[in-house]
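This report describes one protein structure for a reader who has not seen it before.

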Amino acid sequence: MNEYDSNRILDLTKKINYISTKKIEEANCYILNTCHIREKATDKVYHDIGRLKKEFRNKTKPIVLVAGCVAQAEGEVILKKEKYIDAVIGPQSYHQINQTIRKLERREKFINLTNFDVIEKFDSLNSIKNTDNKISAFLTIQEGCDKFCKFCVVPYTRGAEYSRSLKEIVVEAKQLVDNGAKEITLLGQNVNAFNHDKKKLSDLINEISEINNLERIRYSTSHPLDFSKDLVKVHKSNKKLMPLIHLPVQSGSNQVLKAMNRNHTIEKYLDIVRELKEARSDLKFSSDFIIGYPGETDDDFQKTISIMNEIKFINSFSFLFSARPGTPAFNLKKTNQKIAKERLIIFQKIAEKIKIDYRKSLINKNSKVLFENKMKINNRYFGRDEFFNSVIVESDENLQGKIKSVEILNVNQNTLFGKLISNQNHENYAA
Ligand code: SAM
Ligand code: SF4
């Protein structure tokens, strides 16, 4: 979501004649877009500002803005502590970035914009064309969260759940496709809670799949509680919808899920997985896990390992519990950190083994790959298969933006290596 936000900030600032640069020493305005989900986020801000100060020691100071969730959560504190920062702008206020930059050009100091103007934000962003020109593009359709898991800062930094209108999303999706996008990933903190004027995520998927030249649709991140029957069905009926679902489970233990306030059981989670598999048998899943949540026993941890072994997630993101100020879990008695770290290592080893075994099973099988860009080395092209695995092939033909059948020859932890199939109607697809 921050990548999407950064692109939109770039589109906005173009209106006042700012352009992006990859050379930090050339910048006269520096915008740091931040994430607050786990610890060290604020430390990273000070660290980055330190680097900036060094770079500009004998030069004119650039305008410095801190945007995103760290700005939202710790705005006043950072402004007071680090005088090099001119303004903090929360994620629901970045539509005000141009007027802020203009004020700072006039040397007005220490601006704090951390209101929750989510409707105003999208209203003003709708008038600015999305110029992102990637083959695979992001599109935020929903923001904020009303679920209040005890560990999570999102409800406090991104605010209450809000869904954009179907109409404005379709307009933006068409802009992205006109710019060359072949794949769109619909984004939201709880993307499947999307609901605007009784239109749900399934309606939206069906609507945007009508856009010519849009080949693939994905969505992230889903919450188990919002997995409605219509969404399950759309996985069966809509061929543009890709067969990988990111569905965070966090823990395999009902006791821990309850303590986290996830409001569902592991049985309910397994039911959703089963229903989805019945709708489309080749579906695969990826997930998020929090290891060492306060009160997690060894028995709870074993249950998390069991769910990993049962579902065999093809990608897992596991994190040590991080106590976030302002959340209900902040003051809970922590699990012994040595034990928690040991559990994380054990868990990640199991997850990696499952991932590599899955990848090895793809060798000699065919995948449909959407190629995103040409790499710097030789005639290599980078793309992704339907299950979001990275694939690299060599080709003399320009593959950018094309979907091709690829035979997988070799794999490593992060990438599948293959060759284009000369007869593109070949069978034997990976599932
Ligand atoms: N809304 C999604 C859901 O409920 O499943 C997840 C969105 S959250 C922004 C992304 C992931 O960050 C979560 O799935 C969780 O695993 C991780 N996360 C959030 N807060 C955390 C914390 N305090 N400590 C460790 N991991 C955390
Ligand atoms: Fe955070 Fe997701 Fe829970 Fe909302 S549902 S509080 S975003 S983890």
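In this predicted model, the C-alpha centres of domain 2 and domain 3 lie 26 Å apart. Their contact (heavy atoms within 4.5 Å) takes 15 residues from domain 2 and 15 residues from domain 3. The domain assignment, which is automatic or from a database, gives domain 1 as 2–115, domain 2 as 120–355 and domain 3 as 366–420.

Residues are numbered from 1 along each chain as its sequence is written, and chains are lettered from A and ligands numbered from 1 in the order in which they are written. Local features need pLDDT of at least 70, side-chain atom pairs count only at pLDDT 80 or more, and totals for chains, interfaces and linings use all residues, while side-chain values use heavy atoms, with hydrogens and water left out.

Domain 2 and domain 3 bury about 1,200 Å² between them, 60% of it on carbon and sulfur atoms. Buried area is the accessible area (1.4 Å probe) that two parts lose on being put together, summed over both. Ile-135, Arg-216 and Arg-218 supply 41% of the area that domain 2 buries against domain 3, more than any other three residues.

Six residue pairs are in polar contact between domain 2 and domain 3, both residues at pLDDT 80 or more. A polar contact is a pair of N or O atoms within 3.5 Å; within protein, one must be able to donate a hydrogen and the other to accept it, and residues adjacent in sequence count only if both atoms are side-chain atoms. On the side of domain 2 that touches domain 3, strand S11 (216–220) and helix H13 (337–360) each supply at least two residues. Helices (H or I, at least four residues) and strands (E, at least two) are DSSP runs, numbered from the N terminus.

Ser-220 and Thr-221 are joined by a cis peptide bond, with omega about 0 degrees. Thr-221 is in the loop between S11 and helix H9 (229–237).

Ligand 1 has 18 residues around it, and Gln-189, Gln-250, Arg-262, Asp-288 and Ser-322 come nearest. A residue counts as near if one of its heavy atoms lies within 4 Å.

| Residue atom | Atom of ligand 1 | Distance |
|---|---|---|
| Phe-151, backbone N or O | nitrogen | 3.0 Å |
| Gln-189, polar backbone atom | nitrogen | 2.7 Å |
| Asp-288, polar side-chain atom | oxygen | 2.6 Å |

The residues that surround ligand 2 include Cys-145, Cys-149, Cys-152, Phe-151 and Arg-262.

In domain 3, Asn-378 lies in the loop between strand S15 (366–374) and strand S16 (380–384). Phi of Asn-378 is near 45 degrees, a positive value in a residue other than glycine.
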